[in-house]
Amino acid sequence: MADYVITSGKRKTAVARAVTKKGTGKFTINGGVPVELYPVEVLREKIMEPIRLLGERANEIDIEVNVRGGGLTGQADASRTAMAKGMVEYFKDDSLEEMFRQFDRTLMVNDVRRKLPKKPMGRGARKKRQKSYR
């Protein structure tokens, strides 16, 4: 096994970089804040999914995640992707990758969906100015 592994995850405009290394089961986001203290409970559970799927082996590694851009949900999804990729690469375990893919494909694959561009005569991508005649 390598000393450490650096992986990345993306969702919308959020980009997460995760450093996976040998440790005691500490998972931190943005400068040492434990994952257990993530502000939104639903998103906290989502970030914890790869850790729970890993089981006992999660106590053998530490993961530090730095995430920038996007909002809370995008950052949470980018973080979990970066963490899952780091776990697979650190342990070099194909069965682990297959388990992650079976559970949820976005654990291993970045979400490529982006916001549609704004169009003329409207406030956004789809909404148009209403007409008051006819």
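This section describes the nonpolar core, the helix packing and selected residues of a predicted model.

Residues are numbered from 1 along each chain as its sequence is written, and side-chain values use heavy atoms, with hydrogens and water left out. Local features need pLDDT of at least 70, side-chain atom pairs count only at pLDDT 80 or more, and totals for chains, interfaces and linings use all residues.

The largest nonpolar core holds 31 residues. Such a core is a set of buried Ala, Val, Leu, Ile, Met, Phe, Trp, Tyr and Cys residues joined through side-chain atoms within 4.5 Å. Buried means under 20% relative accessible area, exposed over 50%, and partly exposed in between (1.4 Å probe, protein chains only). Within this core, F27, I61, I63, M87 and F100 touch the most other members. At least two core residues come from each of β2 (14-22), β3 (27-29), α1 (41-54), β5 (61-68), α2 (72-91) and α3 (94-103). Helices (H or I, at least four residues) and strands (E, at least two) are DSSP runs, numbered from the N terminus. The largest share, 9 residues, is supplied by α2. In soluble globular proteins, nonpolar side chains tend to be buried together.

I61 has contacts (heavy atoms within 4.5 Å) beyond its neighbours within four places in sequence. Its partners include T20, K21, K22, F27, L54, M87, Y90 and F91.

Two helix pairs involve α3. The axes of α2 and α3 come within 8 Å and cross at roughly 160°. Axes are lines fitted to C-alpha atoms, for helices over the stretch in contact, and angles run from 0 to 180 degrees between N-to-C directions. The two helices are therefore roughly antiparallel to each other. Angles under 35 degrees count as roughly parallel, over 145 as roughly antiparallel, 65 to 115 as roughly perpendicular and the rest as oblique. The crossing of α2 and α3 is left-handed. A crossing has this hand if the near helix is turned anticlockwise from the far one by less than a right angle, and is right-handed if clockwise. A84, M87, V88 and F91 in α2 meet L96, E97 and F100 in α3. These contact residues divide into 6 nonpolar, no polar and 1 charged. Here Ala, Val, Leu, Ile, Met, Phe, Trp, Tyr, Cys and Pro count as nonpolar, Asp, Glu, Lys and Arg as charged, and the others, Gly among them, as polar.

The axes of α1 and α3 are 11 Å apart, at an angle of about 135°. That makes α1 oblique to α3. The crossing of this pair is right-handed. E49, P50, L53 and L54 of α1 contact L96, M99, F100 and F103 of α3. The residues of the α1 contact with α3 comprise 7 nonpolar, no polar and 1 charged.

I29 lies in strand β3. At 6% relative accessibility, I29 counts as buried. Leaving aside neighbours within four places in sequence, I29 contacts V35, Y38, I47, V65, V67 and S79. The C-alpha atoms of I29 and A16 are separated by 9.4 Å, with the two residues 13 apart along the chain.

Most residues other than glycine have a negative phi. N30, not a glycine, has a positive phi of about 45°. N30 lies in the loop between β3 and β4 (33-34). At 29% relative accessibility, N30 counts as partly exposed. M121, also not a glycine, has a positive phi of about 65°. M121 lies in the segment after α3. At 62% relative accessibility, M121 counts as exposed.
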